[in-house]
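Look at the model below and keep it in view.

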Amino acid sequence: MPFTAKQVSAAQPKDKPYKLTDANRLYLYIAVTGTKSWRCNYLDGGKDKTKTFGQYPAMSLADAGMAHVKFRDVQDVSASDTAPTFKKVA
């Protein structure tokens, strides 16, 4: 389910850091200190990595969503460029 601005602003820090996840694998990471940052996890060469887009409220929900879509598009293109084709393998 997609985020709402109300959910994002209402998120409060807890004893441990936690994540509020979106339907498109974008999430809001809430640190113990109360810092909120927009992140997503992705694979790079078979390894899990985390991309941070910015902190809330400096980066709004809409801006984070657009940055995430652009990042996903770049990841999709680079993954298709590096994937071996039958012609390259043969």
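**Contacts, rings and strands**

Q: Which residues does Leu28 touch, not counting residues up to four places away in sequence?
A: In this predicted model, Leu28 touches Phe3, Val8, Tyr18, Lys19, Leu20, Lys36, Ser37, Trp38 and Tyr56, with residues up to four places away in sequence left out. The word contact is used because heavy atoms lie within 4.5 Å.

Q: How many residues are in the largest nonpolar core, and which have the most contacts inside it?
A: This core has 14 residues, and Leu28, Trp38 and Phe53 have the most contacts inside it. Two or more residues come from each of strand E2 (26-30), strand E3 (36-44) and helix H2 (61-82). In soluble globular proteins, nonpolar side chains tend to be buried together.

Q: What makes the rings of Tyr42 and Phe71 a pair, and why is the pair given its type?
A: Their centres are 5.0 Å apart, and the limit for a pair is 6.5 Å. Their planes stand at 75°, and planes over 60 degrees apart count as edge-to-face, so the Tyr42 and Phe71 pair is edge-to-face. Because Tyr42 lies in strand E3 and Phe71 in helix H2, the pair ties together parts that are 29 residues apart in sequence.

Q: What type of aromatic pair do Phe53 and Phe71 form?
A: The centres of Phe53 and Phe71 are 5.9 Å apart and the planes are at 80°, which is edge-to-face. This pair links distant parts of the chain, with Phe53 in strand E4 (residues 47-56) and Phe71 in helix H2, 18 residues apart. Phe53 has 15% relative accessibility, so it counts as buried. Ring pairs link Tyr42, Phe53 and Phe71 into a cluster.

Q: How do you know that the charged end of Lys19 sits over the ring of Tyr27?
A: The charged end is 4.7 Å from the centre of the Tyr27 ring, and the distance limit is 6 Å. Arg39 lies over the face of Tyr29, at 4.0 Å from the ring centre, which also meets that limit.

Q: What makes E1 and E4 the edge strands?
A: The sheet is open and has 4 strands in the order E1-E2-E3-E4, with antiparallel pairing. Strand E1 (18-21) and E4 each pair on one side only. Neighbouring strands of this sheet are turned by 35° against each other on average, direction ignored.

Q: Which residues does a cis peptide bond join?
A: The cis bond joins Tyr56 and Pro57, with omega about 10°. Pro57 is in the loop between E4 and H2.

How values were computed: Residues are numbered from 1 along each chain as its sequence is written. This is a predicted model: local features need pLDDT of at least 70, side-chain atom pairs count only at pLDDT 80 or more; totals for chains, interfaces and linings use all residues. Side-chain values use heavy atoms; hydrogens and water are left out. A nonpolar core is a set of buried Ala, Val, Leu, Ile, Met, Phe, Trp, Tyr and Cys residues joined through side-chain atoms within 4.5 Å. Buried means under 20% relative accessible area, exposed over 50%, partly exposed in between (1.4 Å probe, protein chains only). Rings of Phe, Tyr and Trp (its six-membered ring) pair if their centres lie within 6.5 Å; planes under 30 degrees apart count as stacked, over 60 as edge-to-face and the rest as tilted. A charge sits over a ring if NZ of Lys or CZ of Arg is within 6 Å of the ring centre and within 35 degrees of the ring normal. Two strands pair if DSSP finds at least two bridges between them. Axes are lines fitted to C-alpha atoms, for helices over the stretch in contact, and angles run from 0 to 180 degrees between N-to-C directions.
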